[in-house]
Amino acid sequence: MHRRPPSTRLQSRAARWAAGWSPRTQLRLSGRAPVTVDGLRLEPEIQLMLASRERLGVPDWTDQLTVAEGRALTREESAVAGGRPLPVGHVEELVVDGAGGPLRARHYAPEGNAQGAPLLVFFHGGGFVVGDVDTHDAPCRQLCRQAGLHVLSVEYRLAPEHPFPAYADDAEAAFAWALEHAARLGADPSRVLVGGDSAGGTLAAVVAQSATRAGTPAPVLQLLIYPGTDASQRRRSYELFGDGFFLTTALIDWYVGHFLPEGSDPADVRRSPLLEPELSGLAPAIVITAGFDPLRDEGEAYAAALADAGVPVVRRRFDGLFHGFLNSGGVSPACRDAVAEIAGLVRATLALT
């Protein structure tokens, strides 16, 4: 049996305590010299956050952690890192159509006159194994409020119960549902975009590609936040950041061992959208990466490939942050500011699209 993670209340107190100190004090309390890798310096508050997480005894995912334990730990940590719920205009629990049946979803409407605002179909991260609409409630609220758009957060089927390509099928079906029902949600059917973080970013890229290939209505914008884009190889960022920065190489292996069945082709473009040979004609993209992230290089390679294919791309790397910063705005001002900047990029890009 694994040690139970520290209580949400204890973690919340520790996180709020850490965020209130000066950068110099945060570094001292982390017990380490400033962390600099590949010419990038880790934000002091992130350095202390990761050190505190280790001291609090959060279980090692790779130490034979079961799927149920991993999902519970993800919910526990997201409840801490997300902070108090940010108010939006309206929140509604929904059921949308997936490829294999109904899927749980949550609709966030912005405050004020939300009628006719754009709609972001959002897919959560979690290695296709963990995560749900609750784990990503905080960033969806912030995107809704600060980008001024509707957000439809969708739970897709998870592995290992539903391995690849079930979650990709669900993402495509859910996006089609959103296009059909956007007006009922109070959004503009002609301005539906797709986005997600990590595994959800992969799914957003897959949806954009599949719609273009099929000639069906495509998203007007794709928001890809530290996406996984190539499962066929591991780039230099795996070597640089594969240990000690939340998302580790061992944890990635744990995910892959659950979501990619034996005999599956990691080069399938629905798992590795970077390997799609024809990227021209895709929706404009905002590609977000984190400096201290094993997935950094493949995300940036995808942004470059899109640009080479003539797709308008906004690229933004948050040098001092880590994979997972989207969910950490409740305990880290730097993470919260990064999400605010992403919301601003979405708002500005939509105004020009």
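Predicted model: local features only at pLDDT ≥ 70, side-chain atom pairs only at ≥ 80, totals over all residues.

You'll find Glu298 in helix 10, which covers residues 296-308. Show its surroundings: leaving aside residues up to four places away in sequence, Glu298 touches Pro227, Gly228, Thr229, Asp230, Arg235, Tyr238 and Leu274.

Now click on Arg235 itself. Arg235 does have a salt bridge, with Asp230, and the closest N and O atoms are 3.2 Å apart. Are these two buried or exposed? Arg235 is buried at 19% relative accessible area, and Asp230 is buried too, at 2%.

Eight strands make up an open, mixed sheet, ordered 3-4-6-5-7-8-9-10. Its edges are strand 3 (90-97) and strand 10 (313-322), each of which pairs on one side only. On average, neighbouring strands are turned by 20 degrees against each other, direction ignored.

Zoom in on strand 3 and strand 4 (residues 102-109): they run antiparallel, with eight bridges joining them. Select Val91 and you'll see it stand opposite Tyr108 in strand 4. Then bring up helix 5, residues 137-147, which packs on the sheet and touches strand 3, strand 4, strand 5 (117-123) and strand 6 (150-154). The direction of helix 5 makes about 40 degrees with that of strand 4.

Stay on strand 4 and select Arg104. One of its salt bridges goes to Asp134, at 3.3 Å between the closest N and O atoms. Asp134 sits in the loop between strand 5 and helix 5, 30 residues from Arg104 in the chain. Both ends are partly exposed: Asp134 at 37% and Arg104 at 33%.

Arg104 also meets Glu155 in a salt bridge, 2.9 Å from N to O. Glu155 is in the loop between strand 6 and helix 6 (166-181), so this pair ties together parts 51 residues apart in sequence. Glu155 is buried, with a relative accessible area of 17%.

Last stop: helix 11, residues 333-352. From first C-alpha to last, its 20 residues reach 29 Å, close to the expected 28 Å. Colour by burial and look for the buried residues, among them Ala334, Cys335, Ile342 and Leu350.

Notes:
Residues numbered from 1 in each chain as written. Heavy atoms only, no water. Pairing = 2+ DSSP bridges. Helix = DSSP H or I, 4+ residues; strand = E, 2+ residues; numbered from the N terminus. Axes fitted to C-alpha atoms, helices over the stretch in contact; angles between N-to-C directions. Contact = heavy atoms within 4.5 Å. Expected span 1.5 Å × (residues − 1). Buried < 20%, exposed > 50% of the residue type's maximum accessible area, 1.4 Å probe, protein only. Salt bridge = Lys/Arg side-chain N within 4 Å of Asp/Glu carboxyl O.
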